Amino acid sequence: MDSSSLQGDSPEQHAWAPSDNGHVSEVTASPTTSFAESKRSPSAIALRAFLLGVTLGVSLTLTVVLLQPPLNPLWRAPCFLAALSTFHLLEFYITARYNPTAATLSAFLLTGNGYAYNVAHSLALLECTLRNYVAPRYYTDWLLLQPSNAFLPADGGARIAWLTLGLTLLLGGQGVRTLAMAQAGTNFNHLVQSKKKHGHVLVTHGIYRWLRHPSYFGFFWWGLGTQVVMGNLICLVGYAVVLWRFFSLRIESEEKFLVAFFGSDYVRYRDKTTVGIPMIP
């Protein structure tokens, strides 16, 4: 659990943002293997890390190849897969590095995000593909990438600015989330904690000095950044709406636990910090 944000999932607030319900469907414990041991299976962990690493390597290679002249706009699809692979790898690595007792299979966040999580990313890839073959002019006009747009320069500056914005959100969001997990250390957990565990403290240093839910802040802007980079208008709006609703409900619920855990200390901390997501106080 993040000391200023309860990470995880609950039956009442299931969505496709990064969360985990602790269920491990791929690993079946044998009669001689406890459930706890199956969740920490070295072979299962190694296999997931290997497959994510291969996906990352292949995706980066394809991105570079497709960027070569004549540039193929579908470079954005493997770039998205590379961002996803990096996200899931870092979720486990940072957990293992700074909170090793929580470094189970579920720390990859590959299986606990629900059906909608996979659907959202599949739709993002589908839109990226269709927009380049079905209605490229329609999309690029809306995304302010055409020289005909009066508000942007006709020399390609708009295209570069849009891509720069997307990469900034993507890399910045990932960086903030990773830093937040590292600075929270053992106080961070992907599961919602309804009871205060021994040794749990309120983290207010580092990035938590300004953001009280930096991991949520990071994922929100990371998610939007991926869609900006891909040039997806529809999924950009969809991601924004769904993520905002999810985190709005999640933060409201979690802060009730945090007030119960830390009392007036958390109330004072909440009053002098921000979430960093629009329209969430």
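W244 counts as partly exposed, because its relative accessibility is 29%; buried here means under 20% relative accessible area, exposed means over 50%, and partly exposed lies in between, with a 1.4 Å probe and protein chains only. Before going on, two notes on the source. This is a predicted model, in which local features need pLDDT of at least 70 and side-chain atom pairs count only at pLDDT 80 or more, while totals for chains, interfaces and linings use all residues. Residues are numbered from 1 along each chain as its sequence is written, and side-chain values use heavy atoms, with hydrogens and water left out.

Back to the tryptophan. W244 sits in helix α8, residues 233–262. Helices in this talk are DSSP runs of H or I with at least four residues, strands are runs of E with at least two, and both are numbered from the N terminus. Leaving out residues up to four places away in sequence, W244 touches F220, Y239, I277, P278, M279 and I280; contact means heavy atoms within 4.5 Å. Take I280 from that list: 36 residues separate I280 from W244 in sequence, and their C-alpha atoms are 8.4 Å apart.

Now the whole protein. How many helices and strands does the protein have? The count is 9 helices and 0 strands, and along the sequence the pattern reads α-α-α-α-α-α-α-α-α. Of the 281 residues, 47% are buried. Among contacts with a separation of 6 or more, 78% are between residues 24 or more positions apart. The accessible surface is about 13,700 Å², and carbon and sulfur atoms hold 68% of that; the area comes from the Shrake-Rupley method with a 1.4 Å probe, and for residues only the protein chains shown count as cover.

Next, helix α2, residues 42–66. The ends of α2 are 36 Å apart, C-alpha to C-alpha, which agrees with the 36 Å that its 25 residues should span at 1.5 Å a residue; the expected span is 1.5 Å times one less than the number of residues. Which residues of α2 are buried? They are A44, I45, R48, L52, S59 and T63. Part of their cover comes from α3, residues 76–98.

That brings us to helix packing. Two packed helices are described by the angle between their axes and the distance between the axes. Axes are lines fitted to C-alpha atoms, for helices over the stretch in contact, and angles run from 0 to 180 degrees between N-to-C directions. The axes of α2 and α3 are 8 Å apart, at an angle of about 150°. The two are therefore roughly antiparallel; that term needs an angle over 145 degrees, with under 35 as roughly parallel, 65 to 115 as roughly perpendicular and the rest as oblique. The crossing of α2 and α3 is left-handed, meaning that the near helix is turned anticlockwise from the far one by less than a right angle, whereas clockwise makes it right-handed. The residues that meet include I45, L52, S59 and T63 in α2, and C79, S85 and F92 in α3.

Helix α3 also packs against α7, residues 214–230, with axes that come within 9 Å and cross at roughly 165°. That makes α3 and α7 roughly antiparallel. This crossing is right-handed. Among the residues that meet are F80, L84 and F87 in α3, and F219, W222 and V229 in α7.

Last, a glycine. Is G173 buried or exposed? G173 counts as buried, because its relative accessibility is 3%. G173 lies in helix α6, residues 157–184. Apart from neighbours within four places in sequence, G173 contacts T168, G218 and W222.
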